[in-house]
Amino acid sequence: MSNPNKRRFPRLTSTVGAMVFGLAVAMSPVQAAEKELLNSSYDIARELFSAYNELFQAHWSEQTAEQVSIRQSHGGSSRQAQAIMQGLRADVVTYNQVTDVDILHQRGNLIPADWASRLPNNSSPYYSTMAYLVREGNPKNIQNWDDLIREDVELIMPNPKTSGNGRYTYLAALGYAQQTYGDDQQQIDAFMKKFLGRVKVFDTGGRGATTTFVERGLGDVLLTFESEVNNIPELNPDKGLQVVVPKVSFLAEFPVTWIDANVKRNGTEELAKAYLEHLYSEEGQRLLASFNYRVHNEVVKAETSERFPELKLLPIEDIVGDWETANKEHFASGAKLDQLQRR
Amino acid sequence: MNAAHYRRVGDTALVRRWLIGTAVVLTVALLAMPLLMIFVQAFSQGWSTYVANVLDEFTLSAIGLTLLVAVLTVPLNLVFGVFFAWAVTRFTFPGRKLLTTLIDIPFAVSPVVAGLLYLLLYGNNGWVGQWLGEYDVQLMFSWPGIVMVTLFVTCPFVARELIPLMQQQGREEEEAAVVLGASGWQLFRRVTLPNIRWALIYGIILTNARAVGEFGAVSVVSGNIRGETNTLSLHVELLYQDYNVVGAFAAASLLAALALLTLIAKSFVEWRQSKD
């Protein structure tokens, strides 16, 4: 038992123990000291909410002299909603699809059915629409949806099967066709068939489509969110890309709500509500507008009017009724989208 | 394996050169270049940008979490692997074959599926998760969940290294030690451990590499809370999606450096093993 090696054992375990303890302490957030909020959000909103969180933290400490730390969780919003139903204790959600908030009521019963009426504007503090990005000088003279079905035009958009972004674009085109052809279903179908036929690449997601258009240089028009369309030329100043906003497009809402079950347990109800309400404040709206989202506040609207051309915005209700119908009649396998793509 | 045999395969100098050339080109194109690119990209905006990216608050916390996962996973799997290998090579009992097959499940199952299984079992709606929820214990979407799935994914490594070696060595030496009156602990320390030492270290290296680099399973149970449940591998993806390419590659370079260290350690251990 007098083996000198033996001494190494306890020392090693205690070192490892100390490391684990140290790391665990370092990892665990400082819970006692300040209030905490967890915001579950969509994929491309990281920069937006890290900026907004700073704004809100300053506002909250001014109001209450309390420090608050806000943690962010980002991912595809359907997957994010799934995580909340499986137990992720988010206090608030800020998503880019109404269906993903609805599911928290329908399947998880974590929020009431009337969640959308708890905050102004359908609980959507900002909104966006589908717009176009074209090559330098707009060589194909793209102005509206009817230009997109011309034979010399190639389109890049995300796949409506796999991406909310693509579904929005599809519905925007459908909305235009309905406005133009009224009740004539045959002409609407013919338009949609041509429109889908002009798509050169269906990427799986919005960022993928952007890469195809900008990096690989394919296509004449990229169709995606107006907010993204405006960011791309800023990130690629040498390419001379231009933004075109059509005359009519889809109203894409960005719903927010607090998760009743979680804020009660975390004792953050008041904080969570204040966090979301501040998105509607003038400074909150100004920040949102600086990220190329459209907002409701009249003052900010007037300030930014030249960046956001007027257009006719069609909510989902005006095009197909609701998301459930849209999925069943258009995007499910064998439904309209599949029929139109069949040659 | 005589010379004539070799000659038949590589008939002419041309064929031989062509085959070697192909192997070299493929190795460079598929392995060396991407590895090099990581460092080229990471340092593309200079040393100070690189350091700033590595010292970023969220990158540091990702490093911390990754280390925590490794520090917990490796010792636990070390103990488990030794027990397991000991049990299946030193004893015969019904179900032994089945047990040796079961240990391969983490190899056979895709890590994403493994993560989903844990989520379905320990998530809020799962059997165990619901019960734990009543006591306000949350495993998923926090670091214990990440440690759990990493344990699952890495659990075969140590045992798989030890089993063939211990089978080959047989029990004679240990039986002799018992006859000479060694206690259980003495037996393990003085006889078994020295014999399996290098295989054990090899297993630890593999476990560690996998624990640090695991993506799929961790991604499912992480909840992606920045600064809290983001491991280094997840952080790389997140930075990349944020268009922060330099940051993504800076974080990736840490993982790559670790992989290189692992390779060096692995070759050293293999060399020692062959000497033993």
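**Figure 1. The interface between chain B and chain A.** In this predicted model, 25 residues of chain B are in contact with 24 residues of chain A; two residues are in contact if their C-beta atoms, placed from the backbone, lie within 7 Å. On the side of chain B that touches chain A, helix H4 (residues 57-90) of chain B gives the most, with seven residues. Helices (H or I, at least four residues) and strands (E, at least two) are DSSP runs, numbered from the N terminus. By class, this side of chain B has twelve nonpolar, ten polar and three charged residues. Ala, Val, Leu, Ile, Met, Phe, Trp, Tyr, Cys and Pro count as nonpolar, Asp, Glu, Lys and Arg as charged, and the others, Gly among them, as polar.

Residues are numbered from 1 along each chain as its sequence is written, and chains are lettered from A and ligands numbered from 1 in the order in which they are written. Because the model is predicted, local features need pLDDT of at least 70 and side-chain atom pairs count only at pLDDT 80 or more, while totals for chains, interfaces and linings use all residues.

Figure 2. Chain B has 15 helices and zero strands. Its C-alpha trace spans about 70 × 65 × 30 Å along the principal axes. Of the 276 residues in chain B, 36% are buried; a residue is buried if 20 or more other C-beta atoms lie within 10 Å of its own, exposed if 12 or fewer, and partly exposed in between, with C-beta atoms placed from the backbone. Among contacts in chain B between residues at least 6 apart in sequence, 75% join residues at least 24 apart. The chain is divided into domain 1 (1-42) and domain 2 (46-275), with bounds that come from an automatic or database domain assignment. The centres of domain 1 and domain 2 of chain B, taken over C-alpha atoms, are separated by 32 Å. Five residues of domain 1 of chain B are in contact with eight residues of domain 2 of chain B. On the domain 1 side of that contact there are four nonpolar residues, one polar and no charged.

**Figure 3. The two domains of chain A.** Seven residues from domain 1 of chain A and six residues from domain 2 of chain A take part in the contact. The side of domain 1 of chain A that touches domain 2 of chain A has three nonpolar, four polar and no charged residues.

**Figure 4. The four-stranded sheet of chain A.** Four strands of chain A form an open sheet in the order E2-E1-E3-E12, with mixed pairing. Two strands pair if DSSP finds at least two bridges between them. Strand E2 (68-74) and E12 of chain A stand at the edges with a single partner strand each, so one side of each is left without a neighbour in the sheet. From one strand to the next, the twist averages 20°; axes are lines fitted to C-alpha atoms, for helices over the stretch in contact, and angles run from 0 to 180 degrees between N-to-C directions. Strand E3 (residues 92-94) of chain A runs antiparallel to E12(A), and three bridges join them. Thr94(A) has Val256(A) in E12(A) as its bridge partner.

Figure 5. Two bridges join strand E4 (residues 126-128) of chain A to E11(A) in an antiparallel arrangement. Ala252(A) in E11(A) is the bridge partner of Ser128(A).

**Figure 6. Two asparagines with positive phi.** Most residues other than glycine have a negative phi. Asn109(A) has a positive phi near 50°. This residue lies in the loop between helix H4 (98-106) and helix H5 (120-123) of chain A. Asn109(A) is exposed, with 12 other C-beta atoms within 10 Å. Asn224(B) also has a positive phi, of about 50°. Its position is the loop between helix H13 (216-222) and helix H14 (232-241) of chain B. Asn224(B) counts as buried, with 24 C-beta neighbours inside 10 Å.
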